[in-house]
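Please open the model in your viewer and keep the sequence panel beside it. The stops below are given in the order in which they may be selected.

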Amino acid sequence: MTSVAAHLPALQVVVPLLAAPLTVLLRRPGAAYAVAVAASWAALAIAVALWQRVAAGGTLSYAMGSWPPPWGIEYRVDALSAFVLVLVAATAAVVLPYSRRSIQEEVPRHQHYLFYTMFLLCIAGLLGVTITGDAFNIFVFLEISSLSTYVLVALGRDRRALVASYQYLIMGTIGATFIVIGVGLLYLMTGTLNLADIGQRIGAVQGSRPVLAALAFLTVGISLKLALFPLHQWLPNAYAFAPSAVAAFLAATATKVAVYVLLRFYFSVFGESVVFDRLPMQEAMLLLALAGMFVASTIAIFQTDLKRLFAYSSVGQIGYVVLGLSFLSDSGLTASIVHLFNHGITKGAIFLLLGGVAMVTGGTGLAHVRGLGRRMPLTSFGIVLCGLSLVGVPGTAGFVSKWFLILAALEQGQWWLVFLIVASSLLAVAYLWRFVEAAYFREPDAGTTGSRAVPWSMALPAGLLAIATVYFGLDTSFTVGSAARAAAGLLEALR
Amino acid sequence: MTGAESAMTWGNHFSYFVTVFMMVAGLFILIARGNLIKKLVGLGIFQTSMYLLYIAPGKLVGGTAPILSDRFTVYSNPLPHVLILTAIVVGVATLALGLALVVRIRAAYGSIEEDEVLDMDAPASPQGEQGPRQ
């Protein structure tokens, strides 16, 4: 008998995966809710334990079913995956308690237990993508999380949620199929599916056409999943029409895990030489990142619905993450990984707060939030605070990542990029101002004044994430420390 | 690898041509058709091309299943088959979910033509859509 501690990497995925069918069997919303929350908290505890062990002792390798890698499926926890695991598990642990009251408003009661099932499957999928060291396993877990996400999006009250879910399904499946084609080509050339093993064997076939084709397929496929501009078309509607809890969870985790997959393939599998020397990937990524930062942020300014506004803002913020990646330097990657986390909690907090707004005022259109500053002072303050983090104001989490991004740009001597980063932040000021103007400088409409208060089970998780946004702006030891270790680990594999 | 490439003939590449044709045909249907069911058909064809991409190179002419016996020396690679078995399951689940969504869309809108469905929502949003229409 080995101790439980040795099996933590497997348990990380198995706990939410097994809890999912359990919620179906229980059927009662209360019992399903209890199981879901317990599973998500257990997942968080495991993620934190794994993070601690990786921080202390380096990369963990777990052979699934005791089949040694590269023959069996390997679960591999290094600094980067441990960090992303904590982000996913922590967001899930915060959003699930919130979802109970939230879905009572938005989802028919007889579907509540299925909501928890789908939510747990989504968590299991995202955690699985992050922890696995096997290329095909990534695809399977990606589809587990994606399929459950389509269902969750379709649970939205508005009939447009159905269309949004359908479009997400089409785009997501094209993306996933592109990823499998890329993995297939890599398998043909190297004869292995273990990521680290491919990374070692790819040297012999580097630059051959199938490998370059694999790189192209993987880049496009993963870019679809991470909503890199101009492949972001599915994202705004999916976020806008999904139930509030789902939008918050997706905004905080789904695209971030896709970024993780991109980093993993670029740095651990292909290695620097093939990605960045043979193809102008650096320039392409830089250009797409800048386009996303400016175009998506500009579109966000003209939105009349806050959920859509912040969804477009997400596409813009993904631009910063990809921008950091394109620098191909230690500080650039650190900026990317820190922003992944900081933007995750910031956007999660905003969508949770918007869920409360929708509950009280009946919607998240700019017309609904008129005078919100007086009616819901704390919620408005929270949204402004997180908005400032999107802008990158000192004292918020967003500032930390932008600071590293600017440092990375200066390191490369590209001062014009510094100018563009600051200029795109001004666009964030502009879309945040749309909310501030409506919430603080307009009188509330007579028709939208609800007398309800946001229940504490929703206010508490939202407040927690909002406070975290400020906390990680002041104390950066966890975020920057982990990200720097992860960046160093990724770049070390190249040398 | 590069040396062998020139030696290969069109016939050797047969499976790849079929794969690429199906891939492009599937994607074309996805883009060109507005009918939500036809789009799913395109998606299915696109995914099937990926199955073929895995399966075809795993087969050796004259190869058997990997059985430990003195009588067999040439084996086909079983791993791609196993992988694609998984991928087929994923594909079936995706298709089932997609069709279920189309049923719900038909119930909510009374149409399964994408442009009609999108038009129906355009006046529903009071201030109009200012972002690009998806």
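A residue is called buried if 20 or more other C-beta atoms lie within 10 Å of its own, exposed if 12 or fewer do, and partly exposed in between, the C-beta atoms being placed from the backbone. This is a predicted model, in which local features need pLDDT of at least 70 and side-chain atom pairs count only at pLDDT 80 or more, while totals for chains, interfaces and linings use all residues. Residues are numbered from 1 along each chain as its sequence is written, and chains are lettered from A and ligands numbered from 1 in the order in which they are written.

**Stop 1: chain B and Glu114(B)**

Select chain B, whose secondary structure comes to 5 helices and 0 strands, where helices (H or I, at least four residues) and strands (E, at least two) are DSSP runs numbered from the N terminus. From the N terminus on, its elements run α-α-α-α-α. Of the 134 residues of chain B, 22% count as buried. Two residues are in contact if their C-beta atoms, placed from the backbone, lie within 7 Å; among contacts in chain B between residues at least 6 apart in sequence, 43% join residues at least 24 apart.

Now pick Glu114(B), which lies in helix H5 of chain B. Is Glu114(B) buried or exposed? With 20 C-beta neighbours inside 10 Å, Glu114(B) counts as buried. If its neighbours within four places in sequence are left aside, Glu114(B) is in contact with Gly34(B) and Leu36(B). For a distance to display, take the C-alpha atoms of Glu114(B) and Met23(B), which are 91 residues apart along the chain and separated by 22 Å.

**Stop 2: where chain B touches chain A**

Show both chains and colour the contact between them, which takes 31 residues from chain B and 33 residues from chain A. On the side of chain B that touches chain A, at least two residues each are supplied by helix H3 (36-58), helix H4 (79-109) and helix H5 (114-121) of chain B. The largest share of that side, 13 residues, comes from H4(B). By class, the side of chain B that touches chain A has 19 nonpolar, 9 polar and 3 charged residues, where Ala, Val, Leu, Ile, Met, Phe, Trp, Tyr, Cys and Pro count as nonpolar, Asp, Glu, Lys and Arg as charged, and the others, Gly among them, as polar.

**Stop 3: the two domains of chain A**

Across the boundary, 42 residues of domain 1 of chain A are in contact with 49 residues of domain 2 of chain A. H3, H9 and helix H10 (244-277) of chain A each supply at least two residues of the domain 1 side, and the largest share of that side, 17 residues, comes from H10(A). By class, the side of domain 1 of chain A that touches domain 2 has 27 nonpolar, 9 polar and 6 charged residues.

**Stop 4: a helix pair**

Select helix H3 (residues 79-106) and helix H18 (residues 456-474) of chain A, whose axes come within 8 Å and cross at roughly 150°. Axes here are lines fitted to C-alpha atoms, for helices over the stretch in contact, and angles run from 0 to 180 degrees between N-to-C directions. H3(A) and H18(A) are therefore roughly antiparallel to each other, a label given to angles over 145 degrees, whereas those under 35 count as roughly parallel, 65 to 115 as roughly perpendicular and the rest as oblique. Among the residues of H3(A) that meet H18(A) are Val94(A), Tyr98(A) and Arg101(A), and the H18(A) residues met include Met458(A), Pro461(A) and Leu465(A). By class, the contact of H3(A) with H18(A) has 9 nonpolar, 2 polar and 2 charged residues.

**Stop 5: backbone details in loops of chain A**

Finish with the backbone. A cis peptide bond, with omega about 5°, joins Pro69(A) and Pro70(A), and Pro70(A) is found in the loop between strand E1 (60-63) and strand E2 (74-77) of chain A. The peptide bond from Phe229(A) to Pro230(A) is cis, with omega near -5°, and Pro230(A) has its place in the loop between helix H8 (209-226) and helix H9 (235-241) of chain A.

Arg27(A), although not a glycine, has a positive phi of about 65°; with 12 C-beta neighbours inside 10 Å, Arg27(A) counts as exposed.
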